[in-house]
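Hi everyone, thanks for coming. Today I'd like to walk you through a structure, so please have a look at it on the screen.

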Amino acid sequence: MKNRFLAVLAAVVLTAACVPSARRGLSSDSGQVPLREPARSPVSAGQGGSDDIARKLAVLDEILQSRNDNDPRLDTGFNEMSSDLRAALRLKYRQLPLEQRNERGTIVYLLGRNAGPADWRFFREVVSERPCLSLADCSVPQAYDDEHRAQGLAVTLEYPAMVALKQAENALSAGRDESGARAVVLAAKTSGAAVVAERAAALEQKFPAKDP
């Protein structure tokens, strides 16, 4: 399957290989307190724009079920998203099974386009998730003898967090949303997944904080 985010994975694998070594998700036993969304019913019919939100979520479901990461609707169907749609996407992320790494990463990718304060807070939550240990079951370790394959697997398992860090990198490169982006990088440095913590350390070196 073609993956629209192969460039992201390739970049972070290369970076991780050059940086010295230094999820469960938001389940009730994770030890984490997920950020709460404001009370709202984003997909209820008949409430100002909710029909459009429901349609967009249905389109996203079609794309995720098809596993076609090159679906052009990802680029054309989610532009200028409302705050309610963004809240609905964050909620959907939390409702997806932990093992759906690509699907969860896709939602992070969509939210990273013109991310707002709530999205940056959400990305801090994503990079702070417990490590996922295998694609079949995030609670069961998966190991490979081949080191290169193991490195690729490590990135795949932490795909949502790696995409969040990529969005932070894009923002820092463009000189926008620096406060939100730096907060994501700082949170990722304490990740229990080595590949996430190492990537965050590399970004901190690449974008040192400016003197006041």
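Predicted model: local features only at pLDDT ≥ 70, side-chain atom pairs only at ≥ 80, totals over all residues.

Residues are numbered from 1 along each chain as its sequence is written, and side-chain values use heavy atoms, with hydrogens and water left out.

Which cysteines form the disulfide? They are cysteine 132 and cysteine 138, with sulfur atoms 2.0 Å apart. The angle about the S-S bond is -85 degrees, and the link of cysteine 132 and cysteine 138 is left-handed. Cysteine 132 counts as buried because its relative accessibility is 3%, and cysteine 138 counts as buried at 1%; buried means under 20% relative accessible area (1.4 Å probe, protein chains only).

Now for the helices, which are DSSP runs of H or I, at least four residues, numbered from the N terminus. Helix α4 (residues 83–95) packs with helix α5 (residues 101–112) at an angle of about 160 degrees, their axes 10 Å apart; axes are lines fitted to C-alpha atoms over the stretch in contact, and angles run from 0 to 180 degrees between N-to-C directions. That makes α4 roughly antiparallel to α5, a label for angles over 145 degrees.

Who touches whom? From α4 come Arg86, Leu89, Arg90, Lys92 and Tyr93, and from α5 come Arg104, Ile107, Val108 and Leu111, with contact meaning heavy atoms within 4.5 Å.

Key. Helix = DSSP H or I, 4+ residues; strand = E, 2+ residues; numbered from the N terminus. Parallel < 35°, antiparallel > 145°, perpendicular 65-115°, else oblique. Disulfide = S-S within 2.5 Å. Buried < 20%, exposed > 50% of the residue type's maximum accessible area, 1.4 Å probe, protein only.
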